Amino acid sequence: MRVLLDAGHGGESKGTLKGFLPEKELNLKVVLGVYERLRNEFDLHLTRHRDIHLSLQDRIRISYKVKPDLFLSVHHNASEEKLKSYRTELYTSWNIVSPSYDFAYMIEDEIKKVYRDREVYVYPSKFTVLRGFGKIRLLTEIFYSEEVGEKDLENEVDILVNSIRKLASMDFANEPDIIRSYGKYSKPKGYLTTYFKELRKGRFKNANSDWIVVLGSGRLFWEGIELKNLLGCKLYHLGMGVQPSQYEIAYRISKRGFLKLIFLKYGKPYIRYYHTSKESEYVAKEIARVLEYPLGHSSEYICIHPDGIRIEITSDNLDVRKLYMCLSELP
Ligand SMILES: [Zn+2]
């Protein structure tokens, strides 16, 4: 596997100055740390190995020269306002079907080993620097610069090293890029369906029977967090101001093999279940009864395990505790 590591900023572009070092130096420290650890294992390249200025276009140009499997841009976040808590943000390239998500989840798993309660958000992004070459393209903001200490930087190197090793052990890291192999603008009709069929064949062997909470755009954010905490499950926020496509949701779920999905959306109270299984209908009816919401169904093709449960809750005032009580009493 060929890897191109990109330390964000450099030269006159210092990045955020809220940390114990300017962001450009934090980024470089982490990148050089990863480089030292992995240089003998992988075909490893750097966009910069010292304090020089590179434009975003320069970084893209380097990526087309190196042609990496993985392009990883390392940054550290800065808060604009007083946050309730620090959190991790991982930005993938925009493609709705992309192994970049898998890599993001590997990093999430590694983070949780050290920082158990840290919130990790994966966002599809249109950052310029992620438009270069690379089947897997990711920009990390694992820490905020103002919270990070020397020990955290060491941990960050460990997290990235372990994630890259894990990634390299996966088949898809060594497979041709499905998007690129179809051509960026010439996707044959039905290719996503075909792709999902392939996923379904292979990925549900280790299906995770935990609930997963997925948030649509905005508004039910804190309700989503509370529900996630009560259920002790995962939460995916599909992006700020972004209406997630069915494909994107389906992709993320099928890749992780989750069996039970609750999708929260802001709007007029309504419960909808999908024709995936009898259980879906049963659970939706129970929730609708307890919350006293109208119930409907959709016959849309949704890529989820055939025995899976997928329920959408639209609400403008969701009683999370009531919902949780209802879910926890299900057989
Ligand atoms: Zn930055």
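Start by selecting strand S1 (residues 2–7) and strand S3 (residues 70–77), which pair in the parallel sense over 5 bridges. Pairing here requires at least two DSSP bridges between the strands. Strands (E, at least two residues) and helices (H or I, at least four residues) are DSSP runs, numbered from the N terminus. Within this pair, look for Ala7, which stands opposite Val74 in S3.

Two notes before moving on. Residue numbers start from 1 along each chain as its sequence is written. The model is predicted, with local features needing pLDDT of at least 70 and side-chain atom pairs counting only at pLDDT 80 or more, while totals for chains, interfaces and linings use all residues.

Which residues of H2 are buried? Colour Arg59, Ile62 and Ser63. Buried means 20 or more other C-beta atoms within 10 Å of a residue's own, exposed means 12 or fewer, and partly exposed is in between, with C-beta atoms placed from the backbone. Looking down the axis of H2, you will find its buried residues within an arc of 100°, so they line one face of the helix. The arc is taken from the directions from helix axis to C-beta atoms. S1 and S3 are among what covers these residues. Turn to the other side of H2 for Gln57, Tyr64 and Lys65, which are exposed. Just after the helix, stop at Lys67, with a positive phi of about 55°.

**Helix H10.** Finally, jump to residues 278–291, helix H10. Its buried residues are Ser280, Val283, Ala284, Ile287 and Ala288. They cover an arc of only 135° around the axis, which puts them on the same side of H10. Their cover includes strand S10 (270–274), strand S11 (295–298), strand S12 (309–315) and helix H11 (320–328). On the face turned away from the buried side, select the exposed Lys278 and Arg289. End at Glu292, which follows H10 and has a positive phi near 60°.

Key
Contact = placed C-beta atoms within 7 Å. Expected span 1.5 Å × (residues − 1).
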